Amino acid sequence: MAAPILLRSLYSSTRKSASSFYRSTSPSLYSSFTSFYSSSSSSRSFLHRFSYFSRAFSAAAPSPSAATSATSPCGALDPSRLRNVAVIAHVDHGKTTLMDRLLRQCGADIPHERAMDSITLERERGITIASKVTSISWKENELNMVDTPGHADFGGEVERVVGMVEGAVLVVDAGEGPLAQTKFVLAKALKYGLRPILLLNKVDRPAVTEEMCDEVESLVFDLFANLGATEEQLDFPVLYASAKEGWASTTFTKDPPAELKNMSELLDAIVSHVPPPNANTDAPFQMLVSMMEKDFYLGRILTGRVYTGVVRVGDRVHGLRNKDSVAEKIEDGKVVKLMKKKGTNMVLTECAGAGDIISMAGLATPSIGHTVATAEVMSVLPTVELDPPTISMTFGVNDSPLAGRDGTHLTGGRIGDRLMAEAETNLAINVLPGLSESFEVQGRGELQLGILIENMRREGFELSVSPPKVMYKTENGQRLEPIEEVTIEVNDEHVGLVMEALSHRRAEVTDMGPVSGAVGRTRLTLTCPSRGLVGYRSVFSSDTRGTGFMHRAFLSYEKFRGPLGNVRKGVLVSMGFGTITAHALMSLEARGILFVSPGMEAYDGMIVGEHSRDTDLDVNPVRAKELTNIRAATKDENVKLSPPRLMTLEEAIGYVASDELIEVSFSS
């Protein structure tokens, strides 16, 4: 097995890591800026360079809309014309597609589908990883829309933005109804007093009927009531939509008239149902930072909602944080730039008022959860409470024999700087320095940490990663563990196989029944320890032949349910160093499932396959065929090997045992 990682503490921070982080997050802006600098003469003044960047940054900005008529003399919007709304839903229920249609309805130029998914991994995987905010204009009103992720692992992105808005559009698939993450995001919205609008999406599907929509609406109402919604919140409007086709309606229909095939009714419902922000523009300026990004030229860009007052470019401000219930000043500075996202473009503005959501540059120290205010204000705004992380992994230097062949960032210092930068922009991740060049990274799930590892791999990092460990609690001398609510929908013939596998993982069934509108399908609702679900998704896909779906969300901490059953077989461990040969693998195929193919490099202690039994087995995958000087026609064998089992990063994270490590490199 792999040797244990050596540990030491690191707290260094370099500008180079921030620069590489910028390049990975905003390559187009970086390339345009650097090309300008390389072509400009040395005699060009700083003022000229600054004005060029301002013009480039605001290029292709939309023309002023009718909403500008509702601005004050300084340019800040009238708070009564503002609506701050979050779009929340379970994964794959159509949030990002809905945002595309709303942007297009309001005249924004959409370069491609899923325009709000600006991160490369988001477009590759078809999921939303980070929350984004944009502004659209509708009938003399300005709507600040926040697109949020739907996966439970990225729940921290939902938690930190609900304090910025007054309303929410709850998107529910009309064919599936409310699922595990629907309950999670709705609970957060109701907790902060938001007034949701229910949007039943995908009603154009053939299987969706008006009776089914009525049933889903009843389930959502019961969910509201169970989560403690107020009378005002229970009086939510219901709309029916097909985000894919680009229309929404207040009445059930599958094919609205041509003149109503748009999002006008949803936009009108937002304006009429969501209250404007309760803002005081006469008070001193205060803003709570909810998002943060780094820019190569402007430095740290802070995004948040202005709670009181008005801010202008050039104003003196300072950053505050809460330390032991006392406001502590962390930096003085001035506002260098004020920016606002309109559609898919970032535009510059000279002034912003209370109730609006803006981005500013000029301060280098404040981060998410801190308060930015004028110099005379010494009180901090209340921050959003995040749910605690449930799993942790150890990131360390790659010390395998193959280390250093591909990556450019190999040392513990570089790894530590990158992890600390991630913790600043993602509050759902905690980074704790460990012993000897290792760091404990705490998060919500293996998908969230897998995304972080994949981003680091693409940036040229090499590292070793331990398997996930569940974070336990102790209360009144009793050991508690995180429990998750799991919703599973499978074909009837796979129910027994799934329930047997989950019984070994200490799951308990809370509800079971047929899926309405689908013949031969069963829906299961279970509670299961987080440690039991690590690595189960790939097993579930294999057991159900890809026909089932499983969703999970954190529920609570409960009493420890005991050790897990047998959830994995043993492994085939290499005891040789060199190039893997087909001759050796031919004799190993009978021993289990191989993870490697001929021509790959192997070393002593490397896992090359899964054993067919529960015990580990040492094998030699680099054994070459012995050559002799005797020629015979029957001596050579035609080697035919089965394709190896290739794992994704998330599958590898869920597969490895506690005494094993994952080696991550650029070519892996």
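A search of the whole structure, which is a predicted model, finds seven aromatic pairs. Rings of Phe, Tyr and Trp (for Trp, its six-membered ring) pair if their centres lie within 6.5 Å; planes under 30 degrees apart count as stacked, over 60 as edge-to-face and the rest as tilted. A pair of aromatic rings is described by the distance of the centres and the angle of the planes. One of the pairs, formed by Phe-221 and Phe-236, is tilted, with 6.4 Å from centre to centre and 40° between the planes. Phe-221 lies in helix H8 (residues 210-226), while Phe-236 belongs to the loop between helix H9 (231-234) and strand S6 (238-242), so that the pair links distant parts of the chain, 15 residues apart. Helices (H or I, at least four residues) and strands (E, at least two) are DSSP runs, numbered from the N terminus. Phe-221 is partly exposed, with a relative accessible area of 37%, whereas Phe-236 is buried at 10%. Here buried means under 20% relative accessible area, exposed over 50%, and partly exposed in between, computed with a 1.4 Å probe on protein chains only. Phe-221 and Phe-236 also belong to one aromatic cluster together with Phe-224.

In another pair, Tyr-472 and Phe-560 meet edge-to-face, because their ring centres are 5.8 Å apart and their planes stand at 70°. This pair, too, links distant parts of the chain, 88 residues apart: Tyr-472 is in the loop between strand S22 (469-470) and strand S23 (473-475), and Phe-560 is in the loop between S27 and S28. Tyr-472 is partly exposed at 33% relative accessibility, and Phe-560 is partly exposed at 26%.

Strand S27 (residues 549-559) also holds His-551. His-551 is buried, its relative accessible area being 14%. Its side chain makes a polar contact of 3.2 Å with the side chain of His-90. A polar contact is a pair of N or O atoms within 3.5 Å; within protein, one must be able to donate a hydrogen and the other to accept it, and residues adjacent in sequence count only if both atoms are side-chain atoms. What else does His-551 contact, leaving aside its neighbours within four places in sequence? Besides His-90, the partners are Val-91, Leu-179, Ala-180, Glu-485, Val-486 and Thr-487, where contact means heavy atoms within 4.5 Å.

Strand S28 takes its place in an open sheet of four strands, ordered S30-S32-S28-S33 with mixed pairing. Strand S30 (592-594) and strand S33 (617-619) stand at the edges with a single partner strand each, so one side of each is left without a neighbour in the sheet. On average, neighbouring strands of this sheet are turned by 30° against each other, direction ignored; the strand axes are lines fitted to C-alpha atoms. Two strands pair if DSSP finds at least two bridges between them. S28 (residues 571-574) and S32 (residues 607-611) pair over three bridges in the antiparallel sense. Within this pairing, Leu-572 has Gly-609 of S32 as its bridge partner, and Val-571 stands opposite Glu-610. S30 is likewise joined to S32 by three antiparallel bridges, with Ile-593 opposite Glu-610. S32 is mostly covered, as four of its five residues are buried.

Strand S8 (residues 286-295) has nine of its ten residues buried, so it is largely enclosed by the rest of the structure. Which strands pair with S8? Strand S17 (residues 371-374) runs antiparallel to S8 and is joined to it by three bridges; here Met-287 stands opposite Val-372. Strand S9 (residues 299-308) pairs with S8 over nine bridges, again in the antiparallel sense, and Leu-288 has Arg-305 of S9 as its bridge partner. A hairpin of three residues connects S8 to S9.

The protein averages a pLDDT of 81, and 86% of the residues score at least 70; pLDDT is the predictor's confidence in each residue, from 0 to 100. Confidence is highest in S28, at 94, and lowest in helix H3 (residues 46-57), at a mean of 35. Over residues 1-73 the pLDDT is below 50, and this stretch has 106 contacts in the model beyond near neighbours in sequence.

Residues are numbered from 1 along each chain as its sequence is written, and side-chain values use heavy atoms, with hydrogens and water left out. In this predicted model, local features need pLDDT of at least 70 and side-chain atom pairs count only at pLDDT 80 or more, while totals for chains, interfaces and linings use all residues.

Terms used
Axes are lines fitted to C-alpha atoms, for helices over the stretch in contact, and angles run from 0 to 180 degrees between N-to-C directions.
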